[in-house]
Amino acid sequence: MKSKFFFTLFISMNLSAQDLNEKKILAEEASFQITNSITTHYSQTLHNIFKYGYLLSDSSKEALKQKGFIFNKKLTSSSRPQNLDQYTDDGFFRFHYTLQGSDAVSPIDSNQNQIPDYVDLIMKTFKSIGNEYFDKLGYPRPPSDHYYTRLDNGGSDHYDIYIFNLESGYYGYVQAENYANAESLFDKGDNEFSLNIKESRGMTTFMALRNNYKDFSGNEKNIIEVTSAHEFFHAIQYGYDGWEAGWLLESTAVFMEEFLYDSINDCYQFLKTFLEKPQLSIHHDTDRGYGSYIYFSYLDEHYVDDDFVKKVFINSVKYDSYDQDYSLRNLKEVVISNGLSFEKTMHDFFIANGVIDTSAALKQYRYEEAASFPVKSPTYKNIFNDLIDSSYYFNDQQLESGSSLYYTVNTEDSSFVNLDIEILSENTNNTTYRLTTIFKDSLMNYNIRTQNIQKINVQNTKKVDFLISAFSIENKNVSFNFKISKNSSSALDSTRLAINTNNNPIAFKLYKNYPNPFNPYTTLRFDIPERTNATITIYNTIGQKVKSFYMPGISSGNHSIQWDATNQYGASVGAGIYFYQLNTKNFTKTSKMTLLK
């Protein structure tokens, strides 16, 4: 019997009429794509039908039944292939195939081991993938379907992979079927192969691959490798939480295929669309999620260990993701738990996307593979050419929180002496703006500056790129105003410059929590000007310690933690006034907050 930490979580079906309607729309769109064979991301389309198929109209259900979907339980899944009459086992994988009819694989068996070469290739691929995911990275196996069914050669401890003639254009997919341990009163949704975690939304799955990839461009072996790595990671993800947000499922699956098969670079196909719309957040929607893999690649290259993605999915277990999308909150928590500032590392990521260069001198702003990227810059919001000596004001520049806009100024004109750039929108407790300029000097060395008021001597530059990012804890959509000036004679205001410096705070500071009053979550923001040990402690009105967050060796920067109105034992606390205190070796500050129930 494995040891577990127990999280008490229940899936709430008390959704509002608006929530139900939104989920019904997702299901109807997915149904239309499936029945008309127009979906490009089959696994995610199946995911939406799996979750919300019960909300479909009778006509949509009937159309999907003709495609083999099953509606006899709360969760909707497609049936497994019925006509694959052979299988072979390798480790805990079971590979189903046939040598007859339209689903047949090539019968060529060069080594005469009674297994077709094509199946041998897939088996070899999964042996390598299993070694990476389980032995090296320590992921748990996906939940077993042994309890669930003995139809279609399922119902064993093996993970089932079906090789057959998929519809045109589909590389492969993973289909969730039911809760892990669905027949258990106490362990429903729990992946029996994970350690120290009590999941409540783990799902059993099976996987489908094509019986050949002859109609696809590229090397067949490479296609099988990246498709298998991507799709099987979905099976691992579903073992943690079958309701997780689509963007997080796809971004991390693309990242893992690149992590395992770094030289294939099939993931590059998603970079262009990602960088074309930099004003959208990484979690904008599932389609953007494919390109958002680059954020996880960036973190892995510069800031985190190889187990970072695993930590994200372990942390996701504590959130009830059926009713609400907690994916970004989950991600922020794991970034912070690594001693990092989410906003700072995200802005560094935006800078790297504005540079796209391999130079080692760029340090955290470089990409090792930048030279082979199919796109060399993000889309610019504005390109400024032929400016005259004047100031230009730009208002209501709109973007999503946690994204950036890019601009470039042509400075080749010999009359261009200096360029001033200033963000006119003020930082608040709710919203933070960051301005970074990127340009090369006469020796072609990069200059990268992050501060919200800048004066740049441009006599030895050909252009100045700049980006402005925005982070808000209140709104998804934000806006800002800024000004650029050519050959301004005004001097910089050193006081305002200090206030607007964003790379390193100049002093310790504890901000008012937001929201306040709150129920049950609130964010506590604070600035650290130097690496130190820090503690946030929460007290009740009679001075008793409720909970503390110890952060050893926290780096300089803008930081935040979220409090979920629980004490140090994980139990919810009552409504009332609470105090939170930031304490370091050289600084102590206390502030007050109100919890409503």
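S591 lies in strand β23. In this predicted model, S591 counts as buried because its relative accessibility is 10%, and buried means under 20%. Its side chain makes a polar contact with the side chain of K512, at 3.3 Å. Leaving aside neighbours within four places in sequence, S591 is in contact with L510, K512, Y578, F579 and Y580.

Strand β23 belongs to an open sheet of 4 strands, ordered β20-β19-β22-β23 with antiparallel pairing. The edge strands, each pairing on one side only, are β20 (545–554) and β23 (588–595). From one strand to the next, the twist averages 15 degrees. Strand β19 (residues 532–539) runs antiparallel to β20 and is joined to β20 by 7 bridges. The bridge partner of I536 is F549 in β20.

The structure holds 21 salt bridges.

| Pair | Distance |
|---|---|
| R80 and D160 | 3.0 Å |
| E177 and R80 | 2.6 Å |
| D348 and K344 | 3.0 Å |

R80 and D160 meet in a salt bridge. R80 lies in the loop between β2 (77–78) and β3 (86–90) and D160 in strand β5 (residues 159–164), so this pair ties together parts 80 residues apart in sequence. R80 is buried at a relative accessible area of 3%, and D160 is buried at 1%. R80 also meets E177 in a salt bridge. That pair links distant parts of the chain, with E177 in strand β6 (residues 172–179) and R80 in the loop between β2 and β3, 97 residues apart. E177 is buried, with a relative accessible area of 4%.

The pair D348 and K344 sits within helix α12 (residues 342–355), where the two residues are 4 apart and therefore separated by about one helical turn. D348 is buried at 0% relative accessible area, and K344 counts as buried at 18%. Elsewhere, salt bridges that share partners join R80, D145, D160 and E177 into one network.

R434 has 0% relative accessibility and so counts as buried. Its side chain makes a polar contact with the side chain of E343, at 3.4 Å.

Helix α10 (residues 308–316) is mostly covered, with 7 of its 9 residues buried. These are F308, V309, K310, V312, F313, N315 and S316. The buried residues of α10 pack against α5 (220–240), α6 (246–260), α9 (293–302) and α11 (327–337).

Methods
Residues are numbered from 1 along each chain as its sequence is written. This is a predicted model: local features need pLDDT of at least 70, side-chain atom pairs count only at pLDDT 80 or more; totals for chains, interfaces and linings use all residues. Side-chain values use heavy atoms; hydrogens and water are left out. Buried means under 20% relative accessible area, exposed over 50%, partly exposed in between (1.4 Å probe, protein chains only). A polar contact is a pair of N or O atoms within 3.5 Å; within protein, one must be able to donate a hydrogen and the other to accept it, and residues adjacent in sequence count only if both atoms are side-chain atoms. Two strands pair if DSSP finds at least two bridges between them. Axes are lines fitted to C-alpha atoms, for helices over the stretch in contact, and angles run from 0 to 180 degrees between N-to-C directions. Contact means heavy atoms within 4.5 Å. A salt bridge is a side-chain nitrogen of Lys or Arg within 4 Å of a carboxyl oxygen of Asp or Glu.
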